[in-house]
Amino acid sequence: MSLDIASGIFRLLDGAVCLAAALASLLVTMPDLHLAPAYYIAIALLGTIIMMNALSIAGLYRLELLQGGGLPFGRVIMAWSAAVAIVAAVVAVSGVGLASSQNWLLLWLVTSGCVLLALRAILVVRVDQWRQAGRLCRRIAVFGSGTAAQALLQRLTEGRPSTMDHIVVGVYGDIASAHSGRADVMPNRAMQERSVHALCGDFQDLLGEIRREHVDAVIVAPAPGEGNPGVVVDRLRQAAADIYVHLDIPEMTGGQTAFEKIGGVPLLLAERRPLCGWRGIAKAVEDRVFAAFALLLIAPLLALIAILIKLDSPGPVLFRQKRYGLNNRLIDVMKFRTMRHDMCDQTASQLTRRNDPRVTRIGHFLRRTSLDELPQFINVLLGEMSVVGPRPHATAAKAAGLLYQDAVPNYDCRHRMKPGITGLAQVSGWRGETETLDQIRKRVEHDIRYIENWSLFLDAQIILRTIMGGFTGRQAF
């Protein structure tokens, strides 16, 4: 639960309360009203918008007002009073007059004011519970074992825990250097004496924690000898986390930089998670809704394909294969079985080629039309995949004799987002065999371009191009 999401939820609740009070009051006073219901509904919508803007101007969506435990009743009353005055003025100048609507207006505005005050009291308690549970805190990890990192940690952990919007969950660095006794690197015991945070591990341990979704952001503050900060940042880009730098660094490849403050400390934002806050929610809603609708629509087709597979060759209908998902986690990707059961390749150590003898008769058709991918909508509903994203690759897939991660230096950067049933690389023609290094590099290049430029509109474009033939053609076999 990020601060942005919590603030957005409060906005929606206030709007829903205000509109519901208007409509309920309209039902109660309808016999006494002389105008068409459409007029009152229009005023209700306008009044709700005015009320939400008044509350926003009063700062009631800034969570720091709630975290101290006080009830901002004064701000609510001021915002409510201003909104009431504006709504009354609008009704008065509309030519209808207040007299014909006064009963409805009075009931609506009084009811909404009382409910808003009650809602604010509930939110104070709820926000305090969220903070106590750590749900509103960003989980920060620091990479660095030197004195600069310790100074940073001291600043990050200052202040009352109840008012902090972040929590330091671990410190990582070069453990060998921390025990070497160098003046610029603070050993583990010294770290424990000056801070509650001792070294939790090295870079690989940090990467593992990010991939297990235990870390939201990383602050890079390495001591001399722990690696070039630019290189550390580039290596961290293969996992989904915000990346900050606490010192001047040489030019880095890719990414977009900006400055932010965490705990009052100015930091260079070197990389932001591709889907955070409302962007992540929008993507999740898009995936679940589209996948559910698609499965309902194609259910008869799925049943027909299953029958044809069983009639064509012995073996199960579905084929499950381990592939890399978000943050390099292994997932079971589902497909219709297109190969003879005794010749299935669980790791894809030998990629499918044209006229592959392992492929069944119905399998040739399914692969040619990409109908074998349809069961992956189930993976989407399970939250393991997206409708659009980088295609998931098998663990042993190779290009020119090299594993994909060895063939492309920034290959793991494509795992910062859930894999998709279709993707920008696929509709751009980069699917099928990867006999050359250039083929896999172009595919990864398109995947990273998609991640860096994601939007709902881009997803809609890719879905449309896929429906119009993005998964058929000479590269599909």
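This note describes selected features of a predicted model, point by point.

1. Basis. The model is predicted: local features need pLDDT of at least 70 and side-chain atom pairs count only at pLDDT 80 or more, while totals for chains, interfaces and linings use all residues. Residues are numbered from 1 along each chain as its sequence is written, and side-chain values use heavy atoms, with hydrogens and water left out.

2. Largest core. The largest nonpolar core has 34 residues; such a core is a set of buried Ala, Val, Leu, Ile, Met, Phe, Trp, Tyr and Cys residues joined through side-chain atoms within 4.5 Å. Buried means under 20% relative accessible area, with a 1.4 Å probe and protein chains only. Ile43, Leu55, Val87, Trp104 and Trp108 touch the most other members. Two or more residues each come from helices H1 (3-29), H2 (37-57), H4 (73-93) and H5 (102-132), and H5 gives the largest share, nine residues. Helices (H or I, at least four residues) and strands (E, at least two) are DSSP runs, numbered from the N terminus.

3. Second core. A separate core of 29 residues includes Leu366, Met385, Met417 and Ile421.

4. Packing of H4 and H5. The two helices pack at an angle of about 160°, their axes 11 Å apart. Axes are lines fitted to C-alpha atoms, for helices over the stretch in contact, and angles run from 0 to 180 degrees between N-to-C directions. H4 is therefore roughly antiparallel to H5, a term for angles over 145 degrees. Among the contacting residues are Trp80, Val84 and Val87 of H4 and Leu105, Trp108 and Leu109 of H5; contact means heavy atoms within 4.5 Å.

5. Parallel strands. Strand S1 (residues 138-143) runs parallel to strand S2 (residues 166-172), joined by six bridges, and Arg138 has His166 as its bridge partner in S2. S1 also runs parallel to strand S4 (residues 217-220), with four bridges; here Phe143 stands opposite Val220. Two strands pair if DSSP finds at least two bridges between them.

6. Hairpin. Strands S8 (residues 318-324) and S9 (residues 330-336) pair in the antiparallel sense over seven bridges. Arg320 has Met334 as its bridge partner in S9. Five residues lie between the strands of this hairpin, in which Asn327 takes a positive phi near 55°.

7. Leaving aside residues up to four places away in sequence, Lys283 touches Leu275, Ser386, Val388, Tyr450, Trp454 and Asp459.

Note on methods. Buried means under 20% relative accessible area, exposed over 50%, partly exposed in between (1.4 Å probe, protein chains only). Angles under 35 degrees count as roughly parallel, over 145 as roughly antiparallel, 65 to 115 as roughly perpendicular and the rest as oblique.
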